[in-house]
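These are my notebook entries on a structure that I looked through residue by residue and chain by chain. The entries follow the order in which I looked things up.

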Amino acid sequence: MSQYRICPDTGLYFDRAGEGLMKANAVAGVVALLVAGVLALLVGLTRWPAIHYLGASDFYMVLTAHGLNALIFWIIFFEIAILYFASSSLLRCRLATPRWAWLGFILMLIGAIMTNVAIFQGSSSVMMTSYAPMEAAPHFYLGLILFAVGALIGCFVFLGTLVIAKEEHTYEGSIPLVTFGALTACIIAVFTIASGAIILIPSFLWSIDLIGQIDALMYRVIWWGMGHSSQQINVAAQVSVWYAVAAIAFGAKPMSEKVSRTAFLLYILFLQLASAHHILADPGVSSTWKVFNTSYAMYLAVLASLIHGLTVPGSIEVAQRKKGLTNGLFEWLRKAPWGNPVFSGVFLSVVTFGFLGGITGVVMGTEQINLIIHNTFYVPGHFHATVVLGTTLTFMALTYFLIPVLFRREMILPGLAKWQPYLFAGGMTILSLFMMGAGTLGVPRRHWDIGFAQATEMGLKFEFPGSAEMMLGLVGIGSVIAVIGGGLYLVITVGSIVFGKKIEESAGLMQSFGLPLAASCYTSEKPEPVKGPAADLEEHGSAGFEAPGTFVLAMVLLVTFVVYYFINWKYLSSVWPMG
Amino acid sequence: MSAILPPSEQVWWKTPVGKEEIVWIALALTWCLIMFAMMPIWHVYGKQNLSNEAYKTTPVQYEAKVKAMVEQHTIRTQSVGEMDVPVVAPPAGSDVYILGRLWSWYPMLEFKKGESYRLHLSSLDWQHGFSLQPININLQIVPEYETVITITPDTSGEFTIVCNEYCGILHHTMLGKIYVTE
Amino acid sequence: MSEEKEERVPAMQRLLDNYFLLLFLGVTMPTVFYILWGVMEIVSIPIAK
């Protein structure tokens with residue numbers, strides 16, 4: 001018989017076995033973020049021309065490790081924790097096959113460590129993308145394969161939990177929207193990992209000389225089926241967390257289940273096609289393929305993101321207005337709990353993801369516009385806005401909620417925690433904006449010295465405009481601010497689960513890393529099935545605009561989008577004609 | 001707390017949708033279709049498109065083509081370190097070749113402003129990034145594949161090819177030159 | 001009675017409640033349009049003369 005506890009503060013259900021797994025995965029993710037953050041500082045200080053901290057070979061090694069720890073290990077560990085939470089806790093169901101889930105966790109852990117070891121041994125400075133025919137050490141690939149297998153087990157544990165919940169009738173009606181979003185993330189993850197297997201297993205065999213060669217173009221197409229889709233897992237997961245936080249912090253109800261779920265369906269069908277964003281400047285792949293895939297089949301996944309961009313803040317507005325904050329367009333927003341990092345983190349994430357990450361992603365993913373952006377510093381500028389301001393900031397915000405609820409500790413330094421999301425988002429916004437600015441001037445990504453000192457010595461000169469160098473300095477400053485903000489997050493969260501005041505007497509150090517609480521916290525009685533809230537008396541949709549403030553904000557986004565999009569066409573039209 | 005709870009209604013698909021959502025979806029979908037249309041439109045009316053012309057090749061075969069062009073059309077050399085790199089001025093409209101290798105672009109080219117050239121690009125070893133500065137045209141260079149683009153320089157001066165795909169320890173030293181004369 | 005209830009659930013809602021059908025669609029779409037079509041494009045690149 002499975003055992004569970006009901007959180008006395010939130011009423012959330014925690015399966016005894018599932019709870020340990022959520023903690024273990026979240027903690028492993030945070031450790032990866034710590035590694036990624038330290039490396040981020042080194043990268044930032046090296047690309048800051050006035051400091052130029054690391055030597056070239058160290059820089060490329062550190063950049064490789066930064067990419068994998070930040071983009072893959074931190075995020076996917078945390079996402080597995082979210083999958084377990086969204087299935088087991090939200091559906092009040094025991095987690096399926098906890099032993100398999102632990103096996104998956106251990107494989108991920110071994111894989112992450114193995115790949116890091118390969119990188120820091122110095123023989124695998126191949127960047128996250130490890131483009132064939134550039135070769136890494138065999139355990140670089142093997143670590144990634146083990147990590148992917150572990151993550152796949154996590155996905156099946158999630159799906160298995162959904163099956164059990166349905167069979168055992170632990171909930172009534174359809175699964176909650178947040179669980180549906182997690183399902184979307186899980187589905188995208190399955191495709192991601194399958195693509196990864198198709199390309200990483202041959203790469204591993206090639207690195208131990210069992211396969212003669214890997215076709216470089218084939219590698220690119222299939223690798224990006226994994227590389228880009230893995231970031232689409234994040235989009236789905238982070239949007240689910242946005243809905244969850246709107247519900248937790250405001251009691252917000254989705255404006256329309258139908259609209260939000262259809263938007264997730266568009267993600268399931270089309271989001272992954274955008275792996276083609278990376279192939280737009282490649283030889284031989286036809287424009288038909290490029291146009292169809294890069295546009296997610298007529299931008300239907302962009303439509304989905306625009307919908308979530310309206311419905312997440314919109315649902316908050318509706319909830320706030322019901323509480324009486326009805327003055328003007330924006331009283332609901334002015335009087336939001338800006339000092340609560342769970343809310344402020346998510347709100348900053350929604351805004352920056354939309355304005356900085358979303359718009360630029362679509363612009364640079366336009367087949368022809370990509371010619372003036374491919375592989376420039378604009379690219380990391382864009383994805384620091386999507387993955388860091390979007391996903392990482394969202395997950396940080398969620399952690400503040402999980403510390404008392406899941407870890408049963410009080411948060412330390414609440415005064416600093418209030419400021420943490422602003423500091424982190426501020427630094428990252430500066431970094432992202434000026435990376436994109438420098439990229440527009442042609443500054444390459446993954447480059448140790450845009451002053452070209454060594455080439456100049458040999459008689460080959462090139463200088464970027466002075467403004468590019470200035471912008472790289474600002475990127476450096478942004479990175480330092482963001483690292484301070486990120487460091488604060490690590491101090492607060494790790495400090496809380498180690499030293500924070502125990503809300504539950506038995507929430508000791510080992511409990512913070514995955515052991516269950518004292519037996520007396522759990523019960524084996526069958527819980528009540530989880531039900532939807534009572535339907536509103538005055539139904540949505542009848543009375544015109546319920547969220548006019550959000551609608552105005554959404555229009556601002558759309559206008560910005562249109563203007564910026566055509567500015568880039570204008571810029572493209574000024575370069576040398578080619579065809 | 002309801003996005004984390006099942007929907008209120010058993011049949012939620014039939015719940016009416018709010019007006020702002022409907023208006024927003026209509027606007028957003030329109031915008032999506034406009035953006036989608038822009039790409040084919042630019043293929044017809046725009047002047048900057050990436051050609052689909054490419055061939056499967058080998059480093060040996062490609063290098064031979066580069067050498068043949070260099071032998072025929074070199075006009076001078078430019079010293080880079082201890083090497084003398086040929087500067088090649090092929091006739092307008094002809095096939096011209098650049099190869100990327102660890103860690104240089106070879107040879108240097110000289111174009112005439114306003115003329116068109118069929119520019120071939122490939123790599124002899126790893127992947128490279130052809131980033132023409134300060135024009136800012138960026139192409140992926142993949143070994144064993146030969147890309148052909150027809151390019152028409154419409155500004156004159158000295159242009160630099162920066163490698164913008166990481167290609168190992170001296171990646172940041174990999175520069176090439178294209179000169180465009182009036 | 002329960003059968004009658006089933007029938008009133010619209011097809012789209014039933015699709016959205018069917019995890020494994022969604023999983024199938026979500027894996028098939030990119031596999032066909034991105035991977036398979038992409039690989040076909042690459043193998044059909046002509047050989048240089």
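Entry 1. I looked up Thr97(A) and found 17 C-beta neighbours inside 10 Å, so Thr97(A) counts as partly exposed. The terms I use are these: a residue is buried with 20 or more other C-beta atoms within 10 Å of its own, exposed with 12 or fewer, and partly exposed in between, the C-beta atoms being placed from the backbone. Thr97(A) is not a glycine, yet I read a positive phi of about 35 degrees there. I place Thr97(A) in the loop between H2 and H3 of chain A. Helices (H or I, at least four residues) and strands (E, at least two) are taken as DSSP runs and numbered from the N terminus.

I then turned to Ala96(A), in the loop between helix H2 (56-89) and helix H3 (98-120) of chain A. Ala96(A) counts as buried because it has 22 C-beta neighbours inside 10 Å. Leaving out residues up to four places away in sequence, I list Val157(A), Gly160(A), Thr161(A) and Ile164(A) as touching Ala96(A); contact here means C-beta atoms, placed from the backbone, within 7 Å. I also noted a C-alpha separation of 8.6 Å between Ala96(A) and Leu162(A), which lie 66 residues apart along the chain.

**Entry 2. Basis of the model.** I record that this is a predicted model, in which local features need pLDDT of at least 70 and side-chain atom pairs count only at pLDDT 80 or more, while totals for chains, interfaces and linings use all residues. Residues are numbered from 1 along each chain as its sequence is written, and chains are lettered from A and ligands numbered from 1 in the order in which they are written. For the complex, the predictor gives an ipTM of 0.97 and a pTM of 0.96.

Entry 3. Asp209(A), a residue other than glycine, has a positive phi near 65 degrees. I find Asp209(A) in the loop between helix H5 (177-207) and helix H6 (216-250) of chain A. Asp209(A) is exposed, because 8 other C-beta atoms lie within 10 Å.

Entry 4. H2(A) has 34 residues and should span 50 Å at 1.5 Å a residue; I find its end C-alpha atoms 47 Å apart, which agrees. The expected span is 1.5 Å times one less than the number of residues. H2(A) has a kink of about 35 degrees centred on Asn69(A), the bend being the angle between axes fitted to the seven residues ending at a residue and the seven starting there. Of the 34 residues of H2(A), 30 are buried, so the helix is largely enclosed by the rest of the structure.

I made the same check on helix H12 (residues 378-405) of chain A: its 28 residues should span 40 Å, and the end C-alpha atoms are 39 Å apart, which agrees. The kink in H12(A) is about 30 degrees and is centred on His384(A). H12(A) is mostly covered, with 25 of its 28 residues buried.

**Entry 5. Cis peptide bonds.** The bond from Ala132(A) to Pro133(A) is cis, with omega near 5 degrees. Pro133(A) sits in the loop between H3 and helix H4 (138-167) of chain A. Pro134(B) belongs to the loop between E8 and E9 of chain B.

**Entry 6. Contacts between chains.** I find 78 residues of chain B in contact with 99 residues of chain A. H1(B) gives the most to the side of chain B that touches chain A, with 17 residues. That side has 41 nonpolar, 29 polar and 8 charged residues. Ala, Val, Leu, Ile, Met, Phe, Trp, Tyr, Cys and Pro count as nonpolar, Asp, Glu, Lys and Arg as charged, and the others, Gly among them, as polar.

In chain C, 9 residues are in contact with 11 residues of chain B. The side of chain C that touches chain B divides into 7 nonpolar, 1 polar and 1 charged residues.

**Entry 7. Chain C.** Chain C has 3 helices and 0 strands. Buried residues make up 20% of its 49 residues. The mean pLDDT (the predictor's confidence in each residue, from 0 to 100) of chain C is 89, and 86% of its residues reach 70 or more.

Methods. Two residues are in contact if their C-beta atoms, placed from the backbone, lie within 7 Å.
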